Each structure stands twice: as C-alpha cells, then as structure tokens.
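Me: I am new to this structure and would like to learn how to read it, one feature at a time. Could we look at it together?

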Amino acid sequence: MDKDILSVEIGPGMGPRLDKALAAAVPEEASLSRSRLAKLIAEGSVTLDGAPVTDQKAKVTEGEIYQIALEPPKPVETVAQDIPLEVLWEDDDLIVVNKPAGMVTHPAPGSPEGTLVNALLHHFGGNLSGIGGEARPGIVHRIDKETSGLLVVAKSDRAHHGLAAQFEKHSVHRHYLAICHGVPDQADPRLRGLSGVSFETGGVLKIVTQLARHKTDRQKQAVVAHGGRHAVTRARVVEEFKGTAALIDCWLETGRTHQIRVHMAYAGHGLIGDPTYGGKRKISEKAVGAQVAQAVRDFPRQALHAATLGFIHPVTGEELSFTAPLPDDMEALLAELRGAP
C-alpha cells in the first residue's frame with residue numbers, strides 16, 4: 001500500500017538535531033509527536049534527497065526539505081453519537097460549525113466520546129475525510145475544549161488537502177474575541193520594553209515570539225528564546241472596563257497551540273477565567289464593585305471565542321466568511337462589566 005508523503009522544511013532556529021527540528025517543523029495538523037518522529041526516523045521513513053536518514057541526532061541545516069513517509073489513515077472506527085450541532089454551512093466537501101465551550105474537538109486519551117468528531121460522524125453517517133486518521137477524521141484545525149466558536153471540517157479528502165494547505169500558508173482569516181485582565185495600552189512602558197511586543201497603527205498590539213512546550217509541564221506552551229515555533233498574534237481593544245479589563249479582538253498570523261492565551265499572558269494581560277495561563281491576577285474590587293469582581297472570579301473558562309472564520313472553498317474557489325456571536329456566558333460577563341459602578 002502506498003504511503004502518504006509529508007514534506008517538511010527546516011526553518012531558522014530549529015536545529016541542530018533532526019528529531020527536534022522535525023518536531024518543530026511539522027504542521028500541528030499532522031499530529032506527529034517527537035517520540036513518533038523518532039520511530040519514523042529509526043525505521044527509515046524519513047529521507048533527505050531520496051536517501052533515508054536513520055540517526056535522530058543527525059545535524060540539520062536551515063532550508064533542507066525532508067520527506068516523511070506515513071501509513072495511510074485507518075478506517076474510521078470512532079463511535080458516532082447523536083449530539084446536537086450548530087451548523088453554519090454544509091455542502092458535499094465541508095461543514096462549518098459553531099462549537100460550544102466544553103466540547104473537545106476530537107477523541108483523545110481521557111476524552112474518547114462526546115467530542116465534535118463523535119457528533120459529526122453521526123451527522124454525516126460516517127462521511128468524513130479519513131486523512132486525519134482514526135481519531136481525527138476531517139479535522140483540519142482545532143480550538144481548545146473550553147474555547148467556543150467556529151471550526152471548518154473536511155468531508156472529502158480533496159477538501160482536506162485544500163484546507164490544510166491554506167492553514168499551512170496562514171491564509172485563513174481567523175478573529176477571536178476575548179476578555180482579558182487589564183487594558184493593553186501602547187503608552188505602557190512595560191509593554192514597550194517587552195521583547196517581541198510592539199504596537200502598529202491604530203493601537204494594534206503585535207506579539208511575535210517563539211512558542212514551545214513548557215519545560216516542566218508538557219500540557220502547557222511557553223514563550224522561548226530559542227527554537228520552538230514562530231508565532232504572531234495581533235490584538236485590538238474593542239471596549240475597556242474601568243481600566244481593569246478589556247474586550248479584545250485578536251487575530252492570528254500563525255496558529256499555534258494555545259497561542260492567544262500564551263501571548264496575552266506573556267504581555268501581562270491574561271484572559272479572564274484561564275486556569276492555565278491566567279496567573280494570579282485579580283480584578284480590582286474597588287474599581288468595579290464586589291458583585292462584578294465576584295462574577296469575574298466565578299467565570300468558569302478562558303473567556304475566548306472564535307468569532308470569525310474566512311477561507312477559500314478548496315473545491316469551488318468561492319470566498320467564504322462566517323461569524324458566530326458571543327456565547328451567553330461571555331455576554332453575561334460583559335453585561336456585568338458594563339454595569340460596574
């Protein structure tokens with residue numbers, strides 16, 4: 001059976017070891033862990049200019065393009081479940097849904113059922129692109145469990161390839177609405193002096209860093225000085241509340257795991273309700289009153305919503321754009337903040 005070939009180019013700062021460089025360079029959608037890559041290297045499935053490279057410690061050079069031979073995806077065996085879906089668009093090749101907070105995108109250890117994939121398999125009667133493998137059929141990108149909002153999922157392999165290419169080129173337009181601690185301000189000397197942080201015309205906050213797995217907590221991401229993945233986030237203040245919180249519009253030039261959450265925390269403006277990156281920052285009860293401060297403390301998830309999604313239909317070439325309104329919990333939090341004395 002022919003194998004799928006994934007081409008990966010070594011970017012700046014990804015060396016010197018092959019296994020580490022490939023782990024940094026492969027698209028996140030490929031879902032290849034460093035341990036899995038090490039096995040692929042050892043079995044001769046990684047080649048450079050047609051020749052297998054079997055030493056995971058082999059030195060790499062920026063600009064080299066490696067080919068990784070992968071087994072074709074297994075038939076989908078994930079169970080279909082009758083779970084309600086909010087569908088914004090559907091045709092023969094793709095579907096766009098508004099995922100609720102609390103739903104995992106695809107099955108994983110600890111979350112084998114109740115996921116978006118389980119719901120989609122029931123909705124389609126199993127008709128999803130198999131490229132993502134048994135647990136991730138049709139999945140081209142994802143958002144965190146406790147983040148709400150828009151996702152596009154491939155129903156056909158041709159759509160999967162076309163969408164994946166757009167995500168890889170960062171040509172997909174994605175805007176998120178978030179509620180953060182404090183108000184990002186270009187007059188703030190602390191932000192001005194923070195490496196990778198700048199402001200563009202119109203007061204747009206721009207954050208450019210490298211992101212990698214946290215050294216001690218493998219479930220987290222962290223800003224690193226060397227290696228990692230290049231990540232660019234922009235954010236604009238939409239509305240501020242007594243100088244203690246802000247509704248912000250964030251958009252991505254890249255799409256890394258937890259990117260907005262990590263970058264806003266790095267800038268000192270972690271998202272309200274974020275248990276992982278929110279830190280110990282608290283809203284000023286003196287500024288907003290006891291009721292509002294309690295509402296902020298009680299918010300049960302990161303206040304983050306994938307609000308807009310735009311891309312070129314991979315089959316028809318049509319330009320598509322979708323918007324999902326803020327969910328009720330974030331609207332309620334904003335109402336509290338707006339009503340602060």
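Me: Which residues is Thr-233 in contact with, leaving aside its neighbours within four places in sequence?

Reply: Contact means that heavy atoms lie within 4.5 Å. Read in that way, and with its neighbours within four places in sequence left aside, Thr-233 is in contact with Leu-205, Lys-206, Ile-207, Trp-251, Leu-252, Gln-259, Ile-260 and His-263. One of these partners, His-263, also has its side chain joined to that of Thr-233 by a polar contact of 2.8 Å; a polar contact is a pair of N or O atoms within 3.5 Å, where, within protein, one must be able to donate a hydrogen and the other to accept it, and residues adjacent in sequence count only if both atoms are side-chain atoms. Please keep in mind that this is a predicted model, in which local features need pLDDT of at least 70 and side-chain atom pairs count only at pLDDT 80 or more, while totals for chains, interfaces and linings use all residues. Residues are numbered from 1 along each chain as its sequence is written, and side-chain values use heavy atoms, with hydrogens and water left out.

Me: Where is the place of Thr-233, and is Thr-233 buried or exposed?

Reply: Helices (H or I, at least four residues) and strands (E, at least two) are DSSP runs, numbered from the N terminus, and Thr-233 has its place in strand S12, residues 229–241. Buried means under 20% relative accessible area, exposed over 50%, and partly exposed in between, with a 1.4 Å probe and protein chains only. Thr-233 counts as buried because its relative accessible area is 1%.

Me: What is the phi of His-170, and where is the place of this residue?

Reply: The phi of His-170 is near 60 degrees, a positive value in a residue other than glycine. His-170 sits in the loop between helix H4 (157–168) and strand S8 (173–181), and its relative accessibility of 37% makes it partly exposed. His-258, also not a glycine, has a positive phi of about 60 degrees; this residue is in the loop between strand S13 (245–252) and helix H6 (259–266), and at 16% relative accessibility His-258 is buried.

Me: How many disulfides does a search of the whole structure find?

Reply: A disulfide is a covalent bond between the sulfur atoms of two cysteines, taken here as a pair of cysteine sulfur atoms within 2.5 Å. The search of the whole structure finds zero disulfides. Cys-180 is in none, as the nearest cysteine sulfur, that of Cys-250, is 7.6 Å away.
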